[in-house]
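Work through the exercises below with the sequence and the structure open. Each task is followed by a solution in steps.

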Amino acid sequence: MKLTIIGCSGSFPGPDSPSSCYLLEAEGFRLLLDFGNGSLGVLQRHAGLYDVDAIVLSHLHADHCLDLCAYHVVRTYAPGGPLPRVPVHAPAGAARRLNAAYGMPDEPVLERSFDFARLSPGVRHIGPFEVTAAPMNHPVETYGVRVAHQGRSLAYSADTGQSAELVKLAHEADLLLCEASFLDGPALTPGLHLTGRQAAEHAARAGAGTLVLTHLVPWNDRGRVLEEASLGGFGGTMELARSGAVYDLG
């Protein structure tokens, strides 16, 4: 199983990265976790334009789903004709939300390009992957996911505040891809995002092997995010996400 970070910028694209998008590959199958704004362009550096086999959207905030609209154009108007539908596992209302964002009532709707399936807590099989979804602590319906393949596993926090569900989801995961949107301070908004320190605390409680801090908001100092994470008691390998970084999970 191989992870490629397509986009790791939080809330909006940054100068060096699009918004959230992560490519998982195994046995020739390509699964996208989230498809945030700006990610379709960078995705083409790492996979063929038509080669996405399935998509999981953790939630319906624009920085996690909006480039599905652009990918609809790709699959509807390809030079050889419309392409087969791609399965999209997403929270309730995804088709309605994204058709509204696309805003082209005289053109084919997104259901022409995508087969939407309701994402809910529990286990499902997507290609060669076993995918477990669990609810996160965020203002809209949001799911963290654990992706397993041949005894190896990756957990992805999506967007979340402090969450016991995240600790369970990431239990002994080989890699935890965890958001670190906030910097420590006296007025942190609860139930929204994590700091680097809080992400490290979750990784430590989960017993994860490697922690990759992601959803890095461009106006924050990246060095400070990592410095604060070092105070979270996590003893494994820890680093900041970077667009284009590749992790071979075996």
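**Exercise 1.** Find the bridge partner of Gly7 in strand 2.

Solution. The partner of Gly7 in strand 2 is Cys21. Strand 1 (residues 2-7) and strand 2 (residues 21-26) run antiparallel and are joined by five bridges. Strands here are DSSP runs of E with at least two residues, helices are runs of H or I with at least four residues, and both are numbered from the N terminus. Two strands pair if DSSP finds at least two bridges between them.

The model is predicted: local features need pLDDT of at least 70, side-chain atom pairs count only at pLDDT 80 or more, and totals for chains, interfaces and linings use all residues. Residues are numbered from 1 along each chain as its sequence is written, and side-chain values use heavy atoms, with hydrogens and water left out.

**Exercise 2.** State the strand order of the open sheet of seven strands, and name its edge strands.

Solution. The order is 6-5-4-3-2-1-14, with mixed pairing. Strand 6 (114-118) and strand 14 (246-248) are the edges, as each pairs on one side only. On average, neighbouring strands of this sheet are turned by 20 degrees against each other, direction ignored. Axes are lines fitted to C-alpha atoms, for helices over the stretch in contact, and angles run from 0 to 180 degrees between N-to-C directions.

**Exercise 3.** Which way do the residues of strand 12 point?

Solution. Thr210, Val212 and Thr214 point one way, Leu211 and Leu213 the other. In a regular strand the side chains alternate between the two faces of the sheet. Five of the five residues in strand 12 (residues 210-214) are buried, where buried means under 20% relative accessible area with a 1.4 Å probe, protein chains only. Next, take the pairing: strand 12 is parallel to strand 11 (residues 175-179) over five bridges, with Leu177 opposite Val212. Strand 12 is also parallel to strand 13 (residues 237-240), over four bridges, with Thr210 opposite Thr237.

**Exercise 4.** Describe the surroundings of Asp67.

Solution. Asp67 is found in helix 3, and helix 3 (residues 67-76) lies across strand 4 (54-56), strand 5 (86-90) and strand 6. Leaving out residues up to four places away in sequence, Asp67 touches Phe35, Gly36, Asn37, Gly38, Ser39 and Leu40; contact means heavy atoms within 4.5 Å. Asp67 is buried yet has no salt bridge, defined as a side-chain nitrogen of Lys or Arg within 4 Å of a carboxyl oxygen of Asp or Glu. The nearest side chain of opposite charge, Arg97, is 12 Å away; Lys and Arg count as positive, Asp and Glu as negative, and His and the chain ends are not counted.

Key:
Buried means under 20% relative accessible area, exposed over 50%, partly exposed in between (1.4 Å probe, protein chains only).
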